[in-house]
Amino acid sequence: MAMTMQGEVTLPADRAAVWAALNDPEVLKAAIPGCQELEKISDTEFQATAKVSVGPVKATFKGGVTLTDLDPPNGYTIGGEGQGGVAGWAKGGAKVRLEEVEDGTRLVYDVEAHVGGKIAQLGGRLINGVAKKYADEFFANFARILSPAESAA
């Protein structure tokens, strides 16, 4: 089953700081909902483990993340795939673009993902709703990490 999602968020930091945070495994681990491990393998590769709940299906997904089309500090393409055992699998990617704005940096994203297994059987509306919830949580966490008050603490 395929799904797409587009959006944007304005972050309270300059583009260089947002770019650095998008490439920092500790920041990403703290921002990704359910992330248990995020290890940087190289400048463009990460290994991750995350607990995910989609309706009645709960699973731990393990997989890899690769960064391509790097254009520092303007954006990149992030791709990944993971296995969740009997729950199924997920793979996909996102184009991420950073633009300077008056209040900080606008992060624009365009996601395409595919899921299979038990998770895919739950139906598109549920999966899309959960995907949007996880995206909203990620960006709220990411914005909090980048906020001047959080950085000063």
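Reader: How many cavities of 30 Å³ or more does the structure hold, and about how much space lies in the largest cavity?
Author: In this predicted model, a search for cavities of 30 Å³ or more gives a count of 1. The space that lies in the largest cavity comes to about 1400 Å³.

Reader: Which element supplies the largest share of the lining of the largest cavity?
Author: The lining of the largest cavity consists of 45 residues, and those closest to the centre are Ile-32, Val-65, Val-111, Ala-113 and Tyr-134. The largest share, 7 residues, is supplied by H3.

Reader: How do the residues of the lining of the largest cavity divide into nonpolar, polar and charged?
Author: Among the residues that line the largest cavity are Ile-32, Val-65 and Val-111, which belong to the group closest to its centre. Taken over the lining, the division is 33 nonpolar, 8 polar and 4 charged.

Reader: Which residues is Val-18 in contact with, leaving aside its neighbours within four places in sequence?
Author: Leaving aside neighbours within four places in sequence, its contacts are Leu-11, Ala-13, Leu-98, Thr-105, Leu-107, Phe-142 and Leu-146.

Reader: Is Thr-49 buried or exposed?
Author: Thr-49 lies in strand S3, which covers residues 45–54. Beyond residues up to four places away in sequence, Thr-49 touches Gly-34, Cys-35, Gln-36, Glu-37, Thr-60, Phe-61 and Lys-62. Because its relative accessible area is 8%, under the 20% cut-off, Thr-49 is classed as buried.

Reader: Is Asp-69 buried or exposed?
Author: Asp-69 has its place in strand S4, and its phi is near 50°, a positive value in a residue other than glycine. Because its relative accessible area is 53%, over the 50% cut-off, Asp-69 is classed as exposed.

Reader: What is the omega of the peptide bond from Pro-72 to Pro-73?
Author: Pro-73 is placed in the loop between S4 and S5. The peptide bond that reaches Pro-73 from Pro-72 is cis, with omega near -10°.

Key: Residues are numbered from 1 along each chain as its sequence is written. This is a predicted model: local features need pLDDT of at least 70, side-chain atom pairs count only at pLDDT 80 or more; totals for chains, interfaces and linings use all residues. Side-chain values use heavy atoms; hydrogens and water are left out. Helices (H or I, at least four residues) and strands (E, at least two) are DSSP runs, numbered from the N terminus. Buried means under 20% relative accessible area, exposed over 50%, partly exposed in between (1.4 Å probe, protein chains only). Contact means heavy atoms within 4.5 Å. On a 1 Å grid over the protein atoms alone, a cavity is a set of points where a 1.4 Å probe fits but cannot get out, and a pocket is an open set with protein on both sides within 12 Å along at least five of seven lines; lining residues have an atom within 4 Å of a point. Grid points are joined across faces, edges and corners, and a volume is the space filled by probe spheres set on the points. Ala, Val, Leu, Ile, Met, Phe, Trp, Tyr, Cys and Pro count as nonpolar, Asp, Glu, Lys and Arg as charged, and the others, Gly among them, as polar.
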